[in-house]
Amino acid sequence: MSITRETVEQAARLARLTVADEDKDRLAGELSAILGFVEQLDEINTDNVEPLTSVVGATARMRKDEVNAGDYPERVLANAPDRVTDFYAVPKVVE
Amino acid sequence: MAQTIKGQTGEWEIVIGMEVHAQVLSESKLFSGASTTFGKAPNHNVALVDAALPGMLPVLNEECVRQAVRSGLGIKAAINLYSVFDRKNYFYADLPQGYQISQLYHPIVGEGELTIDLEEGESRVIGIERIHLEQDAGKSIHDQDPHRSFIDLNRTGVALMEIVSKPDLRGGDEASAYMTKLRSILRYLGTCDGNMEQGSMRADVNVSVRPMGSTELGTRTETKNVNSVRFIRQAVEYEARRQVELLESGGKVVQETRLYDPTKGETRSMRSKEEAHDYRYFPDPDLLPLQLNQDFVDAIAADLPELPDEKRARFEADYGLSNYDAGVLVAEKETGDFFETVAKGRDAKLAANWVMGELFGALNKAGVELANSPVSADALGGLIEAIASDTISGRTAKDVFAIMFETGKSADAIIDEQGLKQISDEGAIETALDEIIAANPAQVEKAKENPKLKGWFVGQVMKATGGQANPGVVNKLINQKLG
Amino acid sequence: MSELNRLTIAQARKGMAEGAFSSVELTQSCVDAMEARADLGAFITPTPEAALEAAAEADRKRAAGDEGALLGIPLGIKDLFCTEGVQTTAASRILEGFKPTYESTVTRNLLRDGAVFLGKLNLDEFAMGSSNTTSYYGNVVNPWQSSDKPNMQLVPGGSSGGSASAVAARLCLGATGTDTGGSIRQPAAFCGITGLKPTYGRCSRWGVVAFASSLDQAGPMARSVEDCGLMLGSMAGYDPMDTTSVDTPVPDYTAELGAGVKGLKIGIPQEYRVDGMPEEIEKLWMETAERLRAEGAEIVEISLPHTHAALPAYYIVAPAEASSNLARYDGVRYGFRSDAPEGLPEFSSLEEMYATTRGEGFGPEVQRRIMIGAYVLSAGFYDAYYNKARRVRTLIAQDFSRAFEQVDAILTPTTPSPAFGITEEPTGVEMYMNDVFTVPASMAGIPGISVPVGMSKDGLPLGVQLLGKPFEEVGLLRVAQAVETAADFTAAPQLMA
């Protein structure tokens with residue numbers, strides 16, 4: 001599958017990445033090359049093969065319902081680029 | 001009867017499916033050890049993983065799994081011993097990971113059902129598609145600053161059950177009855193507190209309409225986050241009418257997300273600038289598949305409480321209550337329990353009447369929850385005993401109840417203090433009556449001609465006994481003596 | 001300058017235990033080496049003062065009778081491990097200035113055993129790369145130089161390029177690495193050191209900046225097989241905070257060292273003879289097999305039929321997981337946030353802030369992989385790409401389990417070439433071919449170790465890779481040490497401190 005400029009724009013939008021206009025064609029080429037490479041897999045017969053969910057062959061372990069974290073806003077907010085009291089602050093969200 | 005809409009072109013059927021988000025009752029969050037307590041200071045109920053700090057990993061809370069299974073059993077659903085957590089990828093300020101952990105492909109609970117109770121004793125069985133576990137999001141606060149939004153992650157990662165119904169509901173009344181019943185069941189199970197004002201339960205309501213008799217589904221809209229039973233009904237009714245009007249005027253329903261505005265009583269489109277979401281679901285590689293064993297499920301099943309439908313049937317059978325009364329009493333677990341305490345070893349019908357009549361009336365008027373009732377179940381039982389033993393009359397009982405409600409004192413104490421114990425001793429009443437008859441020969445003559453005037457003698461006896469004479473005995477004696 | 005920095009961990013342990021030198025002296029020697037070879041660009045954040053304090057503390061503990069397994073041993077930490085109070089960048093601008101308020105489980109385990117941290121080592125941005133040229137904090141230089149072009153700077157491999165370069169140049173005695181598709185083994189081979197990727201689930205991922213969660217695994221990089229075993233013993237272990245870590249006891253990884261390979265069966269997979277592989281690599285591979293045969297091992301030709309599918313499947317799985325794992329870097333809670341557009345006081349929307357921050361905060365390779373990942377997961381493509389790749393993983397894992405019914409370990413080359421020049425770096429898919437021999441084991445989750453065994457015609461180190469059964473690192477290290485002993489690799493890099 002060949003990736004177009006539009007597909008690059010769509011993927012960039014999905015991934016929230018600003019891509020400069022002049023880079024879009026180059027990226028389309030690069031992404032097409034990668035996809036072309038991975039599409040070799042089409043030749044492999046995977047009928048009746050289950051997808052691998054875990055290389056360790058294990059299933060989920062659960063924890064007890066105990067409160068043993070939180071109540072440490074400073075540990076959570078220490079690296080905030082912008083904060084107001086104990087809130088993170090971001091540019092206005094328009095709903 | 002299912003609600004329909006009579007349009008200009010004919011009758012339309014309303015088709016509704018609901019996705020209810022119910023907050024799981026647990027101490028800590030679905031994947032972190034932070035508390036789920038409501039109303040804490042911002043970002044205090046936040047573990048490192050909730051803030052999606054680099055390298056942090058989710059660890060599944062066993063109790064949340066148990067609660068989901070319990071809820072599934074409560075709606076007679078198939079429990080999937082194998083389930084998988086998927087990532088739902090999208091960006092939002094209050095979604096720190098950039099994805100919500102949910103269960104798309106393999107939910108923990110499969111198909112089940114729930115019986116909704118409609119007016120006039122009607123009921124219908126509504127299919128449930130699935131229940132899956134997922135994370136709640138945080139909160140953005142927009143009104144504190146002109147240029148910035150504030151983010152509080154206290155809710156982030158709290159466990160939610162998403163309970164998805166089949167498109168089996170046929171009107172606003174059914175949709176609200178569904179929510180009421182689901183809430184009741186979850187509260188009985190103790191898996192959700194059902195507190196809709198705090199957002200513990202909210203519904204996404206999918207509505208479409210189709211010409212009566214059609215079997216195809218129309219295009220649906222999804223009205224998000226409706227947080228009261230009344231609003232659900234209003235939203236459905238508004239939305240269905242809007243769609244019918246649109247279709248009848250040659251328009252088309254657009255599949256979209258809408259919001260219900262309770263102040264205006266209407267739904268409106270959440271016009272998003274973005275194109276359709278592409279959530280890029282895939283199994284969360286940080287979480288291995290969840291494999292439960294049957295013993296785990298069986299242990300929960302063995303421990304399941306009596307649910308409202310069973311309790312209602314038992315109230316009818318054991319206490320001889322009407323279907324309606326039983327329904328009212330079981331709607332809330334607390335009410336049913338309260339009633340049973342009152343009724344135990346006493347006249348059950350009388351108990352039901354007092355609980356639903358005087359008590360509910362007084363609570364309503366005072367704006368007090370049953371849990372905080374100044375009259376306890378035992379106290380109300382005491383009053384009912386006093387009535388049943390003819391210690392006081394029904395009339396006096398109402399006065400006693402009013403004092404009980406106000407003071408919290410027991411019925412016996414009030415009866416004693418105020419000397420309200422009624423006189424049922426025929427001899428004493430007869431003596432009083434005889435004296436009145438002897439003193440009022442003219443009245444006796446009149447009453448013999450016109451039996452309606454016997455009431456005057458009742459009043460006189462009550463006066464003479466300080467209102468404590470048993471009215472039944474008084475009437476009986478008057479009838480004997482005055483023919 | 002003392003040359004204590006050139007000791008192996010085992011030698012340093014012995015020396016300190018015997019009182020021949022202190023951790024402070026050893027650490028000072030490493031600190032001096034770091035300063036002398038700062039031009040290698042191996043460290044993003046050196047922490048010499050903290051290291052010397054930790055060394056002094058280690059000496060005090062030793063005096064008090066403590067005998068921690070790594071007491072006083074100076075190590076470098078790949079800057080993908082979160083370290084409390086010390087900047088952790090993942091070599092990305094987007095985490096510039098980020099100081100974790102927590103310590104990763106692996107580094108906490110090392111600290112528990114007395115290790116001294118010299119600082120945070122450079123890597124490819126978010127561990128995405130095979131040459132350490134994608135770091136926001138500059139390239140890392142391989143301390144080895146080609147006899148053919150002695151003035152050319154060579155790549156150390158990647159993504160654990162800073163770790164490999166620092167260990168090879170004797171700036172530290174060992175270093176932590178992480179391996180997603182070969183990020184420990186490939187740079188170890190390029191720099192002539194030993195690097196072990198343990199079984200997936202052996203070391204906790206808690207506190208390690210995630211690249212591809214189903215593949216990422218921390219491991220040791222050092223100058224001997226024994227040192228790798230010593231470090232793994234400290235790093236490994238079940239962690240209730242990482243439910244993909246496996247609850248199985250941590251053995252003494254040095255227990256079988258020296259036991260030789262007599263009677264063991266070593267598999268040679270025919271599929272690893274790829275077109276265009278330099279003859280010298282094939283030759284060294286076969287020589288290594290011969291040496292093992294001479295030591296009493298049985299060499300068995302085996303087949304891993306889905307080998308060729310591993311790399312394309314990897315380039316679906318890893319970007320897909322990465323695109324999701326890296327969504328959290330949005331400028332809201334930590335790290336870099338872009339300034340508002342020029343001339344404007346603020347961003348017009350949150351969307352704009354996200355996209356600008358991420359567009360400026362991530363480098364080109366990371367952005368490429370995020371976009372590929374978003375694309376292969378997007379509606380309609382999920383089954384064709386991601387699920388297909390997961391099915392292929394099952395086939396790859398089955399190949400290995402079948403092979404391990406026949407053999408005790410598998411011997412392959414680590415890389416299809418020696419280190420190349422920073423300016424000669426291949427691009428795109430060609431670059432990905434660097435990982436062609438290391439990726440299959442990553443996809444199957446099995447352990448692999450690269451051991452230096454010889455030199456290319458231009459005087460650059462070459463390594464072979466040994467693959468083992470899941471959680472049987474003890475046996476794998478035993479075979480690796482036999483290879484090490486037989487190869488007797490003693491060459492040292494030109495840019496060594």
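Contact here means heavy atoms within 4.5 Å. With that in hand, let's walk through how the chains of this model meet.

This is a predicted model, in which local features need pLDDT of at least 70 and side-chain atom pairs count only at pLDDT 80 or more, while totals for chains, interfaces and linings use all residues. Residues are numbered from 1 along each chain as its sequence is written, chains are lettered from A and ligands numbered from 1 in the order in which they are written, and side-chain values use heavy atoms, with hydrogens and water left out.

**Chain B against chain A**

Chain B brings 50 residues to this contact and chain A brings 38 residues. The size of an interface is often given as the accessible area lost when the parts come together. Buried area is taken that way: the accessible area (1.4 Å probe) that two parts lose on being put together, summed over both. For chain B and chain A the buried area is about 3800 Å², and carbon and sulfur atoms give 59% of that. On the chain B side, His44(B), Phe91(B) and Leu288(B) lose the most area to chain A, together 14% of what that side buries.

A salt bridge is a side-chain nitrogen of Lys or Arg within 4 Å of a carboxyl oxygen of Asp or Glu. There are 2 salt bridges between chain B and chain A; one of them links Lys40(B) with Asp71(A), whose closest N and O atoms are 3.8 Å apart. A polar contact is a pair of N or O atoms within 3.5 Å; within protein, one must be able to donate a hydrogen and the other to accept it, and residues adjacent in sequence count only if both atoms are side-chain atoms. By that rule, chain B and chain A have 23 residue pairs in polar contact (both at pLDDT 80 or more).

Which elements of chain B give two or more residues to the side that touches chain A? Helices (H or I, at least four residues) and strands (E, at least two) are DSSP runs, numbered from the N terminus. The elements are strand S3 (60-61), helix H1 (62-74), strand S10 (148-152) and strand S17 (290-291) of chain B. S10(B) gives the most to that side, with 5 residues. By class, the side of chain B that touches chain A has 25 nonpolar, 12 polar and 13 charged residues. In this scheme Ala, Val, Leu, Ile, Met, Phe, Trp, Tyr, Cys and Pro count as nonpolar, Asp, Glu, Lys and Arg as charged, and the others, Gly among them, as polar.

S10(B) also takes part in strand pairing, where two strands pair if DSSP finds at least two bridges between them. Strand S3 (residues 87-91) of chain A pairs with S10(B) in the antiparallel sense over 4 bridges, and Val90(A) has Ser149(B) as its bridge partner.

**Chain C against chain A**

Here 69 residues of chain C are in contact with 48 residues of chain A. The two chains bury about 4800 Å² between them, 69% of it on carbon and sulfur atoms. The interface of chain C and chain A has 2 salt bridges and 20 residue pairs in polar contact (both at pLDDT 80 or more). H12(C) supplies the largest share of the side of chain C that touches chain A, 11 residues. That side divides into 38 nonpolar, 19 polar and 12 charged residues.

**Salt bridges by name**

The structure holds 70 salt bridges over all chains.

| Salt bridge | N to O distance |
|---|---|
| Lys40(B) and Asp71(A) | 3.8 Å |
| Arg16(A) and Glu351(C) | 2.7 Å |
| Asp50(B) and Lys29(B) | 3.5 Å |

Asp50(B) and Lys29(B) both lie in the loop between strand S2 (11-23) and S3 of chain B, so the pair ties together parts that are 21 residues apart in sequence.

**A sheet in chain B**

An open sheet of 3 strands runs in the order S6-S5-S16 (chain B), with antiparallel pairing. Strand S6 (99-102) and strand S16 (282-283) of chain B are at the edges, each with a single partner strand, so one side of each is left without a neighbour in the sheet. Strand S5 (residues 86-89) of chain B pairs with S16(B) over 2 bridges, and Arg87(B) stands opposite Phe282(B).
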